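Dear colleague,

I am handing over the structure we spoke about, with notes on what turned up in it. Please look through it first and then read on.

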Amino acid sequence: MAKSDPGKPKGKMSAYAYFVKTCREEHNKKNPGVSVNFAEFSKKCSERWKVMSPKEKTKFEDLAKQDKARYDQEMMNYNPGKRGRKKKDPNAPRRPPSGFLLFCAERRPSIKAQHPSMGIGDVAKKLGEMWNNMSDSEKQPFLSQANKLKDKYQKDMNNYKAKGKAGSGSSAGKSKSKDDDDDDEEDEEEDEEEEDEDDDDD
């Protein structure tokens with residue numbers, strides 16, 4: 001389960017929610033330390049709310065209006081930014097591409113040249129179809145290269161872990177370079193192509 005954003009404004013409460021809160025506070029004062037049967041308590045609150053006059057409900061509606069104004073104001077100032085993507089360590093070895101991705105890297109330029117209006121998703125789908133129609137012998141050069149890169153990655157990763165994140169302190173404060181942005185764009189294309197390969201394999 002994804003963690004909630006601690007900076008996100010607290011949700012606004014309805015007039016009825018304020019009424020239930022008041023009922024609970026009254027119950028705690030009259031019966032300190034006594035636990036509440038939630039289902040029974042909710043039913044009683046609902047019955048009381050239904051028979052209350054509009055005048056009696058006014059104070060709760062006013063509280064709800066104030067809370068809504070608070071919520072709207074906080075939401076205007078709330079900027080969640082980019083979340084969910086772990087920041088990359090520039091010193092960490094880059095994950096090696098699969099045989100399919102090596103094939104995509106080689107063939108993608110020609111597909112784009114032939115179909116300049118194609119979007120990333122359509123190009124990925126086309127590459128996935130081409131890959132699935134290839135024989136094992138045709139795929140072998142890409143798979144062999146991928147295995148070599150994987151072995152190199154494992155060695156580099158072992159060295160990286162052994163040394164620790166050297167130099168991260170000096171580079172952490174630097175802004176993200178254009179190369180990193182380009183890497184992110186490539187990752188997005190690769191992710192789509194990997195998903196498309198999985199879809200075709202199903």
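Is Arg 107 buried, partly exposed or exposed? At 28% relative accessibility, Arg 107 counts as partly exposed, where buried means under 20% relative accessible area, exposed over 50% and partly exposed in between, with a 1.4 Å probe and protein chains only. Arg 107 forms a salt bridge with Glu 106, with 3.4 Å between the closest N and O atoms, a salt bridge being a side-chain nitrogen of Lys or Arg within 4 Å of a carboxyl oxygen of Asp or Glu. Glu 106 is likewise partly exposed, at 48% relative accessibility.

Some notes on the basis of these values. This is a predicted model, in which local features need pLDDT of at least 70 and side-chain atom pairs count only at pLDDT 80 or more, while totals for chains, interfaces and linings use all residues. Residues are numbered from 1 along each chain as its sequence is written, and side-chain values use heavy atoms, with hydrogens and water left out. The mean pLDDT of the chain (the predictor's confidence in each residue, from 0 to 100) is 77, and 74% of its residues reach 70 or more. Over residues 168-182 pLDDT stays under 50, and for this stretch the model has six contacts beyond four places in sequence, a contact meaning heavy atoms within 4.5 Å. Where pLDDT is low, the predicted coordinates should not be read in detail.

In the whole structure, seven salt bridges are found. One of them joins Glu 26 and Arg 48, whose closest N and O atoms are 3.9 Å apart; this pair links distant parts of the chain, with Glu 26 in helix H1 and Arg 48 in helix H2, 22 residues apart. Helices are DSSP runs of H or I with at least four residues, numbered from the N terminus. Glu 26 is partly exposed at 34% relative accessible area, and Arg 48 is partly exposed at 43%. Another salt bridge brings together Arg 70 and Asp 67 at 2.8 Å, N to O; the two are about one helical turn apart, because they lie three residues from each other in helix H3. Asp 67 is buried, with a relative accessible area of 11%, whereas Arg 70 is partly exposed at 23%.

The structure also holds nine aromatic pairs, counted when ring centres of Phe, Tyr and Trp (its six-membered ring) lie within 6.5 Å, with planes under 30 degrees apart stacked, over 60 edge-to-face and the rest tilted. Tyr 16 and Trp 49 form an edge-to-face pair, 5.6 Å centre to centre and with 70° between the planes, which links Tyr 16 in helix H1 (residues 15-30) to Trp 49 in helix H2 (residues 38-51), 33 residues apart. The rings of Trp 49 and Phe 60 have centres 6.2 Å apart and planes at 65°, so this pair is edge-to-face. Both Trp 49 and Phe 60 are buried, and ring pairs link Tyr 16, Phe 19, Trp 49 and Phe 60 into a cluster.

Finally, Lys 57, in helix H3 (residues 54-77), is buried yet has no salt bridge, and the nearest side chain of opposite charge, Glu 61, is 6.2 Å away. Lys and Arg count here as positive and Asp and Glu as negative, while His and the chain ends are not counted. The Lys 57 side chain does reach the backbone oxygen of Trp 49 at 3.3 Å. Leaving aside residues up to four places away in sequence, Lys 57 touches Trp 49 and Met 52.

Definitions and conventions
A polar contact is a pair of N or O atoms within 3.5 Å; within protein, one must be able to donate a hydrogen and the other to accept it, and residues adjacent in sequence count only if both atoms are side-chain atoms.
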